[in-house]
Amino acid sequence: EPATPATQASLADVVPTTNGALKLIWHDGTTHEFDNVWLRDQCDCPQCLHPRTKQKLLDAATIPIDIAPVDVTLGNVDELNITWTSERHRSVYNTEWLQKCASGQFKLVPPEQKRKLWETGIGIDSLPTAQYDDVMESDKALYAWLSRLLKPGIGIVKGAPLVEGTVLTFGERVSNVRKSIFGRSYQIVAYPDDETTDVSYTPRILNLHTDLVYFENPVVFVTIHCREMRGPPDQGMSVFADGFLAAERLKESHPEAYRVLTSLPVDYLLEVDGKPYRNRTRVICTDSDGNVEKIRANSLDLVTKDMPYHQQRPLLSAFRLLTEYIRDSSVLLRYQLKAGDIVIVDNRRILHGRTAFNTKEMRRHLEGCYLEYDGFKANLGSLEEKWGNEV
C-alpha cells in the first residue's frame, strides 16, 4: 500500500491481550486491537495467497480458534512480523495497511457510486459523454467515463464505427457480454407484425420499460449502437426515464401504492418460438434497508390473468400511478440517436423507450447487447487502482 502521510503513524509497540488478540500501539497514542484468527487469515505470502489470482490458499476454516503468536517483532518502519504457534508460520504485515483497516479506510471493493436522481429539464449535455476512440484506446479515458456512469444511470459514446459487431467490441471493453434469447447481440430494425419476436422490432411506439423482466436475473446494462438513422427528427426518437425518481415520488405522494409495488408480486411473460419465459417479481425491488435497488416495469410483458381478485385493483392502480410518474414529460430525456452513437443504460434503474416511426420515411437500424454488472464492477475497480487519483 502506498504511504499516506496524512494518516500514517509509526507503530510503537504490540501487546497480547487476554481475548485472543494483539493490541497495536501507535506513536501518536492511538491503539487498535486485531483478532489473532483474523490476522492469520490476512497473511499474503505465496503459501497463503496465490500471487496471480489472489485466491486464498490458506483454508480459513482450518485456522485454530486459539491460535496465538509465539514471536512478534517490528521490522522496518511499516512492517510487523508474526510467527504463529500452530505451524510456526511467519507472516509479514504492512502496518499502514493495518491502520487503514482499523479506521475503515481500506476498502477491497470500491464503494458503490452514489446515484443522483434526475431533475426537471435534464438534457443530453448533462450525461457522461466520451469519444469511441478515446475509451477504446485509453484506460484513463475509459475510467473517466465509467466512473461517472452510475450517477445518472446512463452514458453516451460518440463516433463508433458503423459496422456490425461494434457494440460487442465496445461491450467487452466495458464488461462481460451476456448472451440472451436474442443472441450475443441483436439487430433492432422494423419487421412486420407476423415476423417479429418482440414489439421492439416494429415501428410501433415502444413505451418506457426495463428489459428482460421475464428473467429471474436480468442484466444490468442495456447497450445500444446506432448504425443508421435517417428520416424525420421527430420519429423513432429514444426516450429515457429515471425509475428511481418515479419510485421516490410515488413513495412521497402515494405511500400505499408504493407499499403495494414493493410487497406484492406481479408476473411477466414473453414467448419466443413457443417457449414461455416467465418470472414473478415485485415492480419496485428494495434491499434489506428499504432502499430501492431495482425497477422492473414493463407493461408489454405484464401478465395479470391469474392475479388474485383481492390484488387486482390495488396492483393495477399502483402500477398506473407509478407509470404516470415515469412518463412525466418534465423529467423525460428525449434524444434522437445519431449514427455512431452508443448509449448505455443501467437496466436496474433507467427505463427506455421510443416514439413511433414510419418505415417509408425513416431508416433506423440499431444493434444492441447486454452487459453484466460484475464485469463492469471488476473493470472499474482495476481502473480505479491505476487512475483513481488522477481523474
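Predicted model: local features only at pLDDT ≥ 70, side-chain atom pairs only at ≥ 80, totals over all residues.
Local features are given at pLDDT of at least 70 and side-chain atom pairs at pLDDT 80 or more, while totals for chains, interfaces and linings use all residues. Residues are numbered from 1 along each chain as its sequence is written, and side-chain values use heavy atoms, with hydrogens and water left out.

Let us start inside. In soluble globular proteins, nonpolar side chains tend to be buried together. Here the largest nonpolar core has 60 residues, and Val283 and Ile284 have the most contacts inside it. Such a core is a set of buried Ala, Val, Leu, Ile, Met, Phe, Trp, Tyr and Cys residues joined through side-chain atoms within 4.5 Å; buried means under 20% relative accessible area, exposed over 50% and partly exposed in between, with a 1.4 Å probe and protein chains only. Helix H8 (residues 309–326) gives this core its largest share, six residues. Helices (H or I, at least four residues) and strands (E, at least two) are DSSP runs, numbered from the N terminus. Apart from this core lies another, of 26 residues, with Ala130, Leu149, Leu150 and Cys369 among them.

What does valine 283 touch, not counting residues up to four places away in sequence? Its partners are Leu261, Val266, Tyr268, Lys294, Ile295, Arg296, Ala297, Phe319 and Leu322, where contact means heavy atoms within 4.5 Å. Leu261 is also one of the buried residues of helix H7 (residues 255–263), together with Ala257, Tyr258, Val260 and Thr262. The buried residues of H7 pack against H6, strand S16 (284–286), strand S17 (292–295) and H8.

Next come the helix pairs. Helix H6 (residues 243–253) packs with H8 at an angle of about 125°, their axes 9 Å apart; axes are lines fitted to C-alpha atoms, for helices over the stretch in contact, and angles run from 0 to 180 degrees between N-to-C directions. H6 is therefore oblique to H8, since angles under 35 degrees count as roughly parallel, over 145 as roughly antiparallel, 65 to 115 as roughly perpendicular and the rest as oblique. Ala246, Ala247, Arg249, Leu250 and Ser253 of H6 meet Leu321, Leu322, Tyr325 and Ile326 of H8.

Elsewhere, the axes of helix H4 (residues 139–146) and helix H9 (residues 373–387) come within 10 Å and cross at roughly 120°. This makes H4 oblique to H9. On the H4 side the contact includes Leu142 and Tyr143, and on the H9 side Phe376 and Trp387 are among the residues that make it.

Finally, two loop residues. Most residues other than glycine have a negative phi. Lysine 54, in the loop between helix H1 (36–41) and strand S4 (69–74), has a positive phi near 65° and counts as exposed at 57% relative accessibility. Aspartate 273, between strand S14 (266–272) and S15, has a positive phi near 55° and is exposed, with a relative accessible area of 71%.
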